[in-house]
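Me: Please take a close look at one residue of this model and at the annotated positions around that residue. A connected account would be appreciated.

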Amino acid sequence: MWRRFAHLSLSISRTKLQSLQDPTVLKLINTFSSDAGNDGVASSRKPFITFVLGGPGSGKGTQCEKIASIFGFAHLSAGELLREEMSSPSENGELIRNVIKEGKIVPSAITISLIKRAINSATSDKILIDGFPRSEENRIAFEKIIGVEPDLVIFFECPEEEMVKRILGRNQGRIDDNMETIRKRLKVFEDLNMPVVEHYSSKGKVHKITATGTVDEIFERVRQVFASLRYLKAFLSF
């Protein structure tokens, strides 16, 4: 697996290097750097940050909604933040749309700047970041730009066949929800996301959740994790 990961990372690195040399991408990075500043999250705040990771179809989005509702977390989805910025009439939105339209990779710094902005504007100091970081490059960039590591990482473990079954059963009309593309997405997840999980596991920050069963059964496992963190009274009040 690591040999595949190294090969894939090299290919992506080359693509990123070419993308970063593009004038549109450079302008986008400069714009966001100017908007976001370089001081991490607001100096007056020390948010409790939780990463929620899991493969496509693992159910992390559904569980994030329940975590946010019951435990009072601000739920930030990197994908949603990027889509919202793209749909805005701002110059930044237009630049992002152009980058994606040209088949280039949106740099990690852009997504992280959006996350940083959302953290600083959130009304809660308990932050739930859904589906990010997706790679070691994302992770390193997050820690550098935000200036902190996550306090907790929730990883939803789900058998591949179950994830495939769930994605096929969504019936959302997505053109990428077919067997071939689902298998490719799962392989990319394994190659890029698992090293992130392993990194934080080595630091004792990962809580693995068995993501099979009903939504309520899975959430009960999640609830037990957060219940074990009650000593963090400055952040968790439930």
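Reply: Apart from neighbours within four places in sequence, Arg 166 is in contact (heavy atoms within 4.5 Å) with Gly 57, Ser 58, Gly 59, Cys 158, Ala 211, Thr 212, Gly 213 and Ile 218. The model is predicted: local features need pLDDT of at least 70, side-chain atom pairs count only at pLDDT 80 or more, and totals for chains, interfaces and linings use all residues. Residues are numbered from 1 along each chain as its sequence is written, and side-chain values use heavy atoms, with hydrogens and water left out.

Arg 166 belongs to helix α8, residues 160–168; helices are DSSP runs of H or I with at least four residues, strands are runs of E with at least two, and both are numbered from the N terminus. With a relative accessible area of 22%, Arg 166 is partly exposed, a class between buried (under 20%) and exposed (over 50%), computed with a 1.4 Å probe on protein chains only.

Gly 57 stands 109 residues away from Arg 166 along the chain, yet their C-alpha atoms are separated by 5.7 Å. A polar atom of the Arg 166 side chain lies 2.7 Å from the backbone oxygen of Ala 211.

Gly 213 sits in the loop between β5 (206–210) and α10 (215–227). This glycine is partly exposed at 49%, and its contacts beyond four places in sequence are Arg 166 and Ile 218. An unreviewed UniProt entry annotates as "binding site" a set including Gly 57, Ser 58, Gly 59 and Gly 213; such annotations may be inferred rather than shown by experiment, feature names are shortened, and positions follow the numbering used here.

Technical notes: A polar contact is a pair of N or O atoms within 3.5 Å; within protein, one must be able to donate a hydrogen and the other to accept it, and residues adjacent in sequence count only if both atoms are side-chain atoms.
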